[in-house]
Amino acid sequence: MAFLYLQKNKKPETAGMKEVSDNNNIPKHIAIIMDGNGRWATKKGAMRIFGHKNATKAVREAIEGADSLGVKYLTLFSFSTENWSRPKAEVDGLMELLVKTMSDEIPMLMNGNFKLESIGDVESLPPSAYNTLKRVKEITSKNTGLKVILALSYSGHWELTQAAKHIAQKVSEGKLNVDDITEKVMAAHLETTDYPDPELMVRTSGEYRISNFLLWQLAYTEMYFTPVLWPDFRREHLFAAVSDYQSRERRFGKTGEQVKS
């Protein structure tokens, strides 16, 4: 019989949400492309930044929902390298919002035992954003629960280019032979070297693309697309994605018969 999996001492969630049927088949790592803030605001006749400001509840719901399922890593695509080309007023507003949100959510992170981490070219962030990120990461560094990984000033192309440069430098210095470059060596030079690849990627807003996100890591990730705009995203939508994930057969290049045997 299907049931909603909740960790010990977690309160039951809203009745009627999508059930998660197998507590032994929960993704360890979920990645989310948080899309649709601007369209959500436009539908309400507001400026785009209004959508970003109203997305903080969705972030909290995703974090707490993932934790209630027993997910160990949650990566949130927060700001891409391509996003720097947006209008300056929107970028400035996003950076200000990032600073405020990270500071405001410290109690939630600490109460939930969540550890904040990041991937991306974070040194390119404005000093206020970079310093706040650094401070919150330090404050939560001893937490042992769900790792919340913000992808900031990140893109898959940037990450792979950086990895190639680092490997090439080691080859030029005689620290690494060309023939020794393997998939394992490549993965060790990525931003995500300390994390397992995501088993599930969720994208909101009805778009069907990965937008330069975790290009290496998503090779065998199950993808789930929902028309829900990010500010409207709630934990029941996350549970629906996990339920869908549990209905799939992950073969990794093998046949279905091989997987079942």
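The model is predicted, so local features need pLDDT of at least 70, side-chain atom pairs count only at pLDDT 80 or more, and totals for chains, interfaces and linings use all residues. Residues are numbered from 1 along each chain as its sequence is written, and side-chain values use heavy atoms, with hydrogens and water left out.

S205 lies in the loop between strand 5 (200–203) and strand 6 (222–225); helices (H or I, at least four residues) and strands (E, at least two) are DSSP runs, numbered from the N terminus. Phi of S205 is near 85°, a positive value in a residue other than glycine. In the loop between strand 5 and strand 6, select S211 next. Its phi is also positive, near 50°, but S211 counts as partly exposed because its relative accessibility is 28%. Most residues other than glycine have a negative phi.

Seven of its eight residues are buried, so strand 4 is largely enclosed by the rest of the structure. Strand 2 (residues 73–80) pairs with strand 4 in the parallel sense over seven bridges, where pairing requires at least two DSSP bridges between two strands. Within this pair, L74 has V148 as its bridge partner. Strand 3 (residues 115–119) also runs parallel to strand 4, joined by five bridges; there, S118 is partnered with L150.

Next, display helix 4 (residues 88–104). Buried positions in helix 4 include E90, G93, L97 and M102. Among the elements covering the buried residues are helix 2 (48–53), helix 5 (106–111) and strand 3.

Then select I30, I32 and L74, the residues with the most contacts inside the largest nonpolar core, which has 47 residues. Such a core is a set of buried Ala, Val, Leu, Ile, Met, Phe, Trp, Tyr and Cys residues joined through side-chain atoms within 4.5 Å. Another core, of 13 residues, lies apart from it and includes A31, I33, I119 and Y195.

Finally, colour by pLDDT, the predictor's confidence in each residue from 0 to 100. The chain mean is 91, and 89% of residues reach 70 or more.

How values were computed. Buried < 20%, exposed > 50% of the residue type's maximum accessible area, 1.4 Å probe, protein only. Contact = heavy atoms within 4.5 Å.
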